[in-house]
Amino acid sequence: MTGKGGTGKTTVAAALALALAAEGRRVLLVEVEERQGIAQLFETEALPYEERRIASASGGGEVHALAIDAELAMLDYLDLFYKLGRAGRALKKLGAIDFATTVAPGIRDVLLTGKVCEAVRRKDKAGWPVYDAVVLDAPPTGRITRFLNVNDEVAGLAKMGPIHKQAQSVMRVLKSSQTAIHLVTLLEEMPVQETMDGVAELRAAGLPVGAVIVNMVRPVLLGDGDLAKAAADRSAVAVGKRRTAVAKALSQAGLGGARRGGVAERLVDPLLAQAHEHAQRVVLEREQRAEIAALGLPVRELDLLSDGVDLGGLYRLADSLRKQAVPGITYPAALVPDAQADDALDDDVEVDEDVDVAADDILDDDVDVDMHVPDEDVADSAADDEDA
Amino acid sequence: MSLESPLLEIDPLLDDRKTRIVVCCGSGGVGKTTTAAALGVRAAERGRTAVVLTIDPARRLAQSMGLTELDNTPREVAGIDRSAGGSLHAMMLDMKRTFDEVVVQHSDPERARGILENPFYQSLSAGFAGTQEYMAMEKLGQLRAQDAWDLIIVDTPPSRSALDFLDAPKRLGSFLDGRFIKLLMAPAKVGGRAGVKFLNIGMSMMTGTLSKVMGAGLLRDVQTFVAAMDTMFGGFRTRADATYRLLQAPGTAFLVVAAPERDALREAAYFVERLADEDMPLAGLVLNRVHGSGAAQLTAERALAAAEALEDYAAENAAEDGTEGAAVDAAPDPDGGPAENLAGGGIVDHGAGNADSRQHRPDSTDEDDGTGTGDTERLAAGLLRLHAERMQVVARERRTRDRFVSVHPEVPMVDVTALPGDVHDLEGLRAIGQELAEGQPAAA
């Protein structure tokens, strides 16, 4: 899960993990940016560098969480892959770990992606994957391609030896159909632009792009007709008439006098100004939706939680993600239009490969804009069209 | 307003000739770059010779400032009002080029070529995540040393943590002091196997280990790289330290940029504390994207109740189609009212011209086409619901803000009103600069 800063990618990653767990899966939710965002979301104490269960769901599903600490990951990694327990600690003493995890941040990315792939491949004694799905709260869109592709670069630098091999095997997992890179965006210009750029970069690097998840979608509170009224009228006479009529309606609703200078009358201008802003925003959002739709990717929308994201809200988002998956599909992580099985991958987690979400509901402008509009307004808007 | 902070006064800060560097920092997605650009425009138009160093501007914002190419050199921004004697330059950071410049500057040509061609260097400088922070600080040092501008405004990189760039110079320093680097350099210096015997057991075990882990080829590349960098490290280090001290100097002002959201303000609070720890001078907090309302006297609850009443009424009316809206029969207001509220409203272009026709039923039967009974009520109800939503946003933002103010009551703050869209021209930047300077509490 990636996304521009401020789009809520950690929240969406957590919601996806919950959604997957709700279908009975054992899910690992991984955080790599050392921010303890997962702990905050799940309202638990800071996560240590170890996998622990943070939520369970009906149907036996569980979410485990891991906050990767780059330094510990390095020691872990050296130990795991190169059997360097003591030497690893010696390296730490010498400052090599500091060097690797901070000064040469590329190495940090190698560790983080390596750790994630290790979790994907881990099997229990009976040979079953330990986790059915791994959800990674990844770095932001601006550096996601470099982050995921770092092993390609490393494999090029280290032309042989264990690092080379390890790097190649991580890339195999990341480029396989088991991986889906989802991008979180808002219906705002910069995040959408960054999403477009990010998708282009990921595609160019041969990394599998999943879905676009539009987060914090705000309700459209006026129907098309009212939006038009709020935004489009230009003549002073028409405006004056409308002001008067609205003032009367407000007065009628018990909000004070409609006469000039009356309590209700004084509300009219600010209310119309807010409607005007709202209308502007709706138009901008439509443009952004069209841009997103042009990517040809599956799109999901999550409503803005107006009171901020608490634990309850997180579960509501998870629920919303589940409902938006096409019925019958049991693997929402693979929101990939073309999920072909990659037989070359012998040592990996088995997932439902016959996922076909190609016929997915790419956003339909009309439907979405009217999503939150009361029926009357839809009728109203239809009437407006006739008038035109 | 429940809790008050001192007002952050932007103009005195920008006008003070002793202010030489303004650093805008904060978490991603809070409008840091836009704030930096707006400050640059305002400072220039108030007579400063300013330069804005941006890291990753949105494309249209970059274009509006004439930043079409990444050539790592400040370019003058056209369209700035120079009547006060100021000017504005802007540049986007090109990390790789900055790194290359440092290498070339600090070593002889032959050594420089050796470094620039080293594969390890190429990967490192091509912008492995994190290099941005070092290079942003390096560029800041360069711009300051050039002394062509009397005010440098820096936008900080979108780091995983907003604090990374503060750590960059120190980290570099501690790395360069570290034994690891000496170890890495040892074999290359003494020349291959002949040198190994001079290393103690631990050391040779280490190089053996490294070689095993990294593969012999990579280790050699790294060693060559480190050896080649060796001579320039001294200069590098000195500069990193100098930049760090520059950030602590009285001529520097940090502006923490945030939005009234929990995460952004949490990061901002962390930043405020961190700056204090590092003796870095904090000027204050810019709170972007604040919502206000011109009708704040009407609470969300009353607005919702009134909206429901109107919707009930409209529904009733629709049911008895043809029955005139008896409750709405006050005399028409002869005054046309200010058209400004809706002027410039051509943004929604559909429905224009016909929208007006069906909502004055109570006092304009001439336009009555029999389809719109209760329209005005529904419009009014919609306006009220919109207002209720706005008031809820305002209340939430206030709570989030209050939490910050309770903990950091001493930090001066200024609000910038939320705009429906992004800013991508000088006019928009000027408007934001104006708002920053006026320091009005947000009100729509």
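Before you start, note that the model is predicted, with local features needing pLDDT of at least 70, side-chain atom pairs counting only at pLDDT 80 or more, and totals for chains, interfaces and linings using all residues. Residues are numbered from 1 along each chain as its sequence is written, chains are lettered from A and ligands numbered from 1 in the order in which they are written, and side-chain values use heavy atoms, leaving out hydrogens and water.

**Stop one: chain A.** Select 2–218 + 304–357 for domain 1 and 224–290 + 367–387 for domain 2; these bounds come from an automatic or database domain assignment. Where they meet, six residues of domain 1 are in contact with four residues of domain 2 (heavy atoms within 4.5 Å). The two domains bury about 610 Å² between them, 54% of it on carbon and sulfur atoms; buried area is the accessible area (1.4 Å probe) lost on being put together, summed over both parts.

Now pick A:Glu285 and A:Arg218, whose side chains meet in a salt bridge at 3.7 Å, N to O (a side-chain nitrogen of Lys or Arg within 4 Å of a carboxyl oxygen of Asp or Glu). The count between the two domains is one salt bridge.

**Stop two: chain B.** Next, find the open sheet of eight strands, ordered E3-E4-E2-E5-E1-E6-E7-E8 with mixed pairing. Strands are DSSP runs (E, at least two residues), numbered from the N terminus, and two of them pair if DSSP finds at least two bridges. Select 75–76 and 413–417 to see the edge strands, E3 and E8. Finally, E1 (21–25) and E5 (151–155) of chain B pair in the parallel sense over four bridges, with B:Ile21 opposite B:Ile152.
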